[in-house]
Every structure is written in C-alpha cells, then in structure tokens.
Amino acid sequence: MTAPHARYRRAVAIPAGMAMATALAFLPNTTAAAADEAPAAVSADATSLSYVVNVKPGHGTSAYVKKAVGKAGGTVVTSYDQIGVIVVHSSNPDFAKTIRTVRGVQSAGATRTAPLPTAVTADLGAPKVLSAAEVARAEAPAGQDPLEPQQWDLPAIKADKAHEKSLGSEKVTVAVIDTGVDDTHPDIAPNFDRGASVNCVSGKPDTSDGAWRPGASESPHGTHVAGEIAAAKNGVGMTGVAPGVKVSGIKVSNPDGFFYTEAVVCGFVWAAEHGVDVTNNSYYTDPWYFNCKNDPDQKALLDAVTRASRYAEKKGAVNVAAAGNENYDLAADEITDPSSPNDSTPGGRVVDPSECLDIPTQLPGVVTVASTGAKGIKSSFSNYGLGVADIAAPGGDSTAYQKPAPPATSGLILGTLPGGKWGYMAGTSMASPHVAGVAALIKSTHPYASPALVKALLYAQADATPCTDPYDIDADGKIDAVCEGSKNRNGFYGWGIADALDAVTK
C-alpha cells in the first residue's frame, strides 16, 4: 500500500526539469507538540476513532445525547452547542450505528478511517526557499519592499495600485485556518492578531501561547498563506495583498498533516466568536476529497462543517476557500476520485460532485477560488466549473507554461516561511489568500458591510475574463480543459479576476 499523505489544498505536480521539484509539496509532520495531543481524559488507543454527532442546536438536546454517548461507549471531547455538533472519541466499532438510533441525533459519523493516533505520512518535498544571499541581493524601487519586484501577482490584481490608496484597516482580521502560522516572522509579527489565534487540532481550542505555530517538522503552508494576505509593508521582505490588516492563525492540521472535521469545526466556531472578518481555507477536510450525502459517515462530516461555516458567516465572517488542484471540472456529471480515504487505503470511486461535495470550498456561501498564472489564464492544475468557481486570482503555474514579465523570475507565488524566511509555492492554496486579502480591503473600505455585501462587491468588482478557448496549456495539441459560460461568468474565472484597486476605491 502506498503511504497515505497529507493533501492540504491538493499537491500540484510541476513538470520534470523545473528548478522546483514540487510546488504544493509540503513538509508532512513526524512529531507532535504537546498542544496537539488528545486530552488526557480521552482514550486514543489503536482502535479508537473520532466522531462528530450532530443534534439540534441548543443545550437541551445536546445534554440528553451526551448521556447516550457514554452508554454507547464514547467519550465527549467537546461540544459546540451553538451549532449542535458534539466531538466524540470511541473504541466501539458500532458507536456511530448505535448513536444514530438515539432520539435527537440528526447525523453521526467517524471523522477518519485510521485509528487514533493517525497514520504515518510520507515526505513529499518542500517549497523553493530563497537563500539569505538572494534576499540580501533583492532591490526594489522606492516605496516597495525589497522582494516586491518578484511578486508579479500583486500587479495582476492591481494590489500595487491599491496600496497607493490604502493598505487596509487594522480593525479587520483575516483568520488563516491552516497548518499554523509563525507569528514571529518579521513580515507577519507587525500584523498578527494573537487574540484571534488558537490551536484547534484536537477539536477543542488550545489557547496556550504559541499553540497556533507550526512545529519544526510541520508544513510551512499556513505561514506562506498568512504572508500572502498581510505581510507588512515595512521595508522587510515582501508585501501582502492587504498589508495593513490583521492576520490570525487557527491551526487545524494535525502533526501528520490531516485536516479532520472536528478541527475544522473548531476553527470556524473560533473565528465566529473572535471577531474575524474573513477566513481563508486552503485545504479540504480529510479523509474524503468528496463527501457524499448518501454515506452516513460522510453526511455527518458534511453536516458538521456546513453548520460551522454558516455560523461563522452569520457572525460576520466571509469564508474564502481554494477550489483544488486536480484540473477537475467540478460542474461535471461525474468525477473519478482516486485518493479517498487518504488516511488509510485510498480506492478509486466515481462521484457526482453535485451530491458529493469538496468541503469547505463547495459549501453554500463559501467563496470558491480558482487559480491563474503569470499570463493571467487558468493555472494548469486549477479545478474549475461553471456555477462552482466564483472568482479567480493568482496561484502560480509552471514557468514553462506561464512565465512572468521581468524582473520577476518565477511563475510561482512568493510567500513567508517559518523561521524568518521567504519562498515560492503554487496552487489554488495560493490563489485563495489573494481573494481573502481583497475581501479584507473591501471590509476595510466598507466597515459595516455584511458578509453578503462584501461578497457582492467582490464579484461585482472582479475583472470579467472570457473563457480561454482552446485551453491547451502545455501546447501539445490536446485540449486540457473546456471552459463554459460567458465573459461575465464562466467556469474558469467565475465572475472574473479579483481587483484590489476597486476594493479600496469603490
């Protein structure tokens, strides 16, 4: 069996011969920090699994069901009564089947297929890190941070022009729900919101100091995303899309790199209750790439994350998510999913993406972001789909496919990395934070705007981009994807490419 591996917001395959072996090739983790361990009262033996039990919101039903959880051989880890989601650990193989028969339980299911603790992962590689010499040699025109000339993605969404008008408001916070954020990074520290940061890996908030940071062997993904959104314009390193707003870290990826439902639910609820204005979600919820409504376990996971994301929006947050990196047409009648469940033994299955959802990106109300490269066309890897992709933004691509104009040298996206470093990555994971940053600029310009209004402005201000037809990204004479729709809304670019200048001037 092939070793299972963390998927984050999907690994991107870069053609052989590229200077960087892989773009979204993260550093799966081998050690756990104390903050990531299961609570002492919870059994985590070789046969124990984690579950979500969904009930009617409110304390009454939840209290009744919690008693039934114990009788069914489960231990309550935590309960989010405001959305009716109870997180449970149990070594009873019939726990889900039993608890589903309890009065008041609306759905229940295992959040993973591998026992606690989770499966071992395989090392997939690393982002391309800029050397100290490369950073030291960086030169920029007056008014720009040293590495900004390498950020072709900023002018691609007019963020450079936007910064002449506004850097965004420090009263706006974007939460990076991800693998953790290194808040000690010199480009992140000035804008970091500690009060809105937390470790949610166990499904229960851990607010100990620094719990939101990635461990030394853990993925740099969340730190990269945070820098893309809000790296300070401070004469150091790079510049974020919204360098004047705050950014927080909500760590939901466990030491092996998996984003399980209980952690994601905790992340959205935490964001909802700590004044977050925008959440960025550059991942999918493991272990299922698509969660099918006709499967009782997957339905429960879908229910739980839906409740949590809706709660965050109800409390004022705009939820932004990456569309994925398999070049899937998410509006197709069927898709072959070869990678689920990714924490045990994946098996090929054919799914209907209208019934089996990639979460959180396909959830109602979530802004689904497709990726573009340096030439402004759909990235070779980006998922798409008419009526599914809402908007597009730079996520990078192979330089062989889309080469940026000088002085930029890489077709990938520059971001911050743990330990005070900078480096390149690519994927819809990198496109989503660009849109989150633009949404933060809109919120800065319109501080009393509801999430619905922020999204309406985001789409209305996007630069309409017609279908790329034919789409033969590698120029081999074969069509690589088919775009459907009009210039104003289509499967590749949604309503268009995000526009940061409009966000601060309209």
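Start with the hairpin of β2 and β3: four residues sit between its strands, and G84 there takes a positive phi near 75°. Strands here are DSSP runs of E with at least two residues, numbered from the N terminus. Keep in mind that this is a predicted model, where local features need pLDDT of at least 70, side-chain atom pairs count only at pLDDT 80 or more, and totals for chains, interfaces and linings use all residues. Residues are numbered from 1 along each chain as its sequence is written, and side-chain values use heavy atoms, with hydrogens and water left out.

Now look at how β3 is held. Two strands count as paired if DSSP finds at least two bridges between them. Strand β2 (residues 74-80) runs antiparallel to β3, with six bridges joining them, and S79 sits opposite I86 of β3. Strand β1 (residues 49-55) also pairs with β3 in the antiparallel sense, over six bridges; here V52 stands opposite V87.

Five of its six residues are buried, so β8 is largely enclosed by the rest of the structure. Its pairings are parallel: six bridges join β8 to β6 (residues 173-178), where V176 has G249 as its bridge partner. Strand β7 (residues 198-199) pairs with β8 in the parallel sense over two bridges, and V198 stands opposite I250.

How values were computed. Buried means under 20% relative accessible area, exposed over 50%, partly exposed in between (1.4 Å probe, protein chains only).
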